[in-house]
Amino acid sequence: MFTPSGPRVSILMYHQVGVFAPMREHRANYCDHRRFGAQMDLLARLGYRVLGLDDALAGLRGERPLPARALVLTFDDAYDNFAEYAWPVLERHGFPATVYAISGWLGRRAEWFAKDPGRPIPTLMSAGRLRELHAAGITIGSHSVDHLKLGTLDPEAQRRQLVDSRAALEDVLGAPVRHLCYPFGSFDRTTVHLAGEAGYRSATTCLRGAAGPDDHPLVLPRKAISFGDDRLGYWWKLAVKHAPKPELVEWRRRLAGATASG
């Protein structure tokens, strides 16, 4: 069995932050803004070191010391409510974060929500808003062109989603885009290979666990933060819930010893 060694980093996965009605479904896609503020306060009080993704990767590669209680904050899809509710809290604490944007959907409504009748459809950040956040220190990563399940696509379609998204976001920002997040957590060995060819330095997944030095940089695990996570549940995910799910264990076994391209 693959056993990760060395220091670990908890990479937290958020989606929307804002004001939401009580819900039973899709809870991992929402975080109440008051609860988010309390979570960030808890990180500060407990001495967690919130790192930018580049710094965390450097630590995992052994290029610099990785602090105890290291974690990374990531936000999928680049919802407009991030700028309204999450960014002011992060700015107050001086916490870095990574936002993954869907290059073909900037400024549009997240229409994939429509498959669930009655579910509110949020808007996604515009190109101008992404530039503002990037200028303020937020890392912008790619979440593909069209928010498709990459692992279900043929290799050429996957390549277009990865290469075109990176190029479009770099045009928007006027800066390199080095980080990727697989939409819906869908990927396969081909996706990982193509992500390396496309020049991405990291890719995050929906595989659950803490990231360690032995993880492939293009198959990084995360911990999803859910609508129902109170302070105790949040702390539990940070401090205790490091054990990998079986799917992550299998990916670690299959990719042991592999290195990312580029």
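Helix α3 (residues 80–93) has 14 residues and spans 20 Å from first to last C-alpha, close to the 20 Å expected at 1.5 Å a residue; the expected span is 1.5 Å times one less than the number of residues. Helices (H or I, at least four residues) and strands (E, at least two) are DSSP runs, numbered from the N terminus. The model is predicted: local features need pLDDT of at least 70 and side-chain atom pairs count only at pLDDT 80 or more, while totals for chains, interfaces and linings use all residues. Residues are numbered from 1 along each chain as its sequence is written, and side-chain values use heavy atoms, with hydrogens and water left out.

At Ala86, α3 bends by about 45°, and Pro88 follows within four residues; the bend is the angle between axes fitted to the seven residues ending there and the seven starting there. The buried residues of α3 include Phe82, Ala86 and Trp87, buried being under 20% relative accessible area, exposed over 50% and partly exposed in between (1.4 Å probe, protein chains only). Just after α3, Gly94 has a positive phi of about 70°.

The structure holds 15 salt bridges, each a side-chain nitrogen of Lys or Arg within 4 Å of a carboxyl oxygen of Asp or Glu. Three of them are tabulated.

| Pair | Closest N to O |
|---|---|
| Asp32 and Arg34 | 3.0 Å |
| Lys115 and Asp116 | 3.4 Å |

Asp32 is buried at 10% relative accessible area, whereas Arg34 is exposed at 60%.
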